[in-house]
Every structure is written in structure tokens, then in C-alpha cells.
Amino acid sequence: MKKRQVVLKSGRSSSTSSSVIRNVRYGECQKNHAANIGGYAVDGCREFMASGEEGTTGALACAACGCHRNFHRREVETEVVCEYTPPNS
């Protein structure tokens, strides 16, 4: 599942601005299913797939393994889209 977040930042002077796009992706499941017996075992779910539409409670549950989205590794990719400084007049 990928989410996209756009953040607008302004520099020290009011004439400099840039926009940053952050793509959030949830990778493999890291839930330890054998924690109650003192072991370590993961289920092998490779990527989070939401079981419901965005904005519902099903969007937080993985359709493949049934775990909550917080058990999946979060990857954030940040890229600067545009920087603009107007010429001084």
C-alpha cells in the first residue's frame, strides 16, 4: 500500500520555497507469532495489502496476514519536487 503526502516548506527568506513529496510504503510483516512461548517466528507476509477502503477500519488490517498495519515495516521515500527562488528586482 502506498500513501502520498505533499509537504510545502518555505526557506528562511519568504522568496524561497520548495515542495517535498513523501511516499509511504509498508513492507514485510514483522509480527512475532511465537513470542508467547519465548521463540521467534514471522509469517512471511511480504507486503501490506489493505483489506478495506481508505478511511475505514479495514484499511488498517492486512488482507494477506490479518495483522495491523503497525506490524509492517514502514518505508518513507522523500523527494524534493521543486525549488524556486525568484530573481531579485
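Let us start with confidence: strand 1 (residues 2-10) has the lowest in the chain, with a mean pLDDT of 54, while strand 2 (residues 17-29) has the highest, at 85. Here pLDDT is the predictor's confidence in each residue, on a scale from 0 to 100, and strands, like helices, are DSSP runs numbered from the N terminus (E, at least two residues, for strands; H or I, at least four, for helices). This is a predicted model, in which local features need a pLDDT of at least 70 and side-chain atom pairs count only at 80 or more, while totals for chains, interfaces and linings use all residues. Residues are numbered from 1 along each chain as its sequence is written, and side-chain values use heavy atoms, with hydrogens and water left out.

Across the chain, pLDDT averages 81, and 74% of the residues score at least 70. One stretch calls for care: over residues 10-14 the pLDDT stays under 50, and the model has 3 contacts for them beyond four places in sequence. A contact means heavy atoms within 4.5 Å. Where pLDDT is low, the predicted coordinates should not be read in detail.

Now for the overall plan. The chain has 0 helices and 3 strands, so its elements run β-β-β from the N terminus on. Of its 89 residues, 22% count as buried, which means under 20% relative accessible area, with exposed set at over 50% and partly exposed in between (1.4 Å probe, protein chains only). The accessible surface comes to about 6,500 Å², and 49% of that belongs to carbon and sulfur atoms; such areas come from the Shrake-Rupley method with a 1.4 Å probe, and for residues only the protein chains shown count as cover. Among contacts with a separation of 6 or more, 46% are between residues 24 or more positions apart.

Next, look for the charged side chains. Side chains of opposite charge can pair when their charged atoms come close. The chain has 4 salt bridges, each a side-chain nitrogen of Lys or Arg within 4 Å of a carboxyl oxygen of Asp or Glu. One of them joins Glu75 and Arg25, at 2.6 Å from N to O. This pair links distant parts of the chain, with Glu75 in strand 3 (residues 72-84) and Arg25 in strand 2, 50 residues apart. Both partners are partly exposed, Glu75 at 22% relative accessibility and Arg25 at 23%.

Another salt bridge brings Glu28 and Arg73 together, at 2.7 Å from N to O. Here too distant parts are linked: Glu28 sits in strand 2 and Arg73 in strand 3, 45 residues apart. Glu28 is partly exposed at 29%, as is Arg73 at 30%. Arg73 also meets Glu75 in a salt bridge, at 2.7 Å from N to O. Together with Glu47, the residues Arg25, Glu28, Arg73 and Glu75 are linked in a network of salt bridges.

From charges we turn to the nonpolar side. The largest nonpolar core has 7 residues: Val24, Tyr26, Cys29, Cys45, Phe48, Cys62 and Cys67. Such a core is a set of buried Ala, Val, Leu, Ile, Met, Phe, Trp, Tyr and Cys residues joined through side-chain atoms within 4.5 Å. Leaving aside neighbours within four places in sequence, Cys45 is in contact with Glu28, Cys29, Cys62, Ala64, Cys65 and His72.

A last stop is Ala41, in the loop between strand 2 and strand 3. Ala41 is partly exposed, with a relative accessible area of 32%. Its C-alpha atom is separated by 8.0 Å from that of Lys31, 10 residues away along the chain. Beyond four places in sequence, Ala41 is in contact with Lys31, Asn32, His33 and Ala34.
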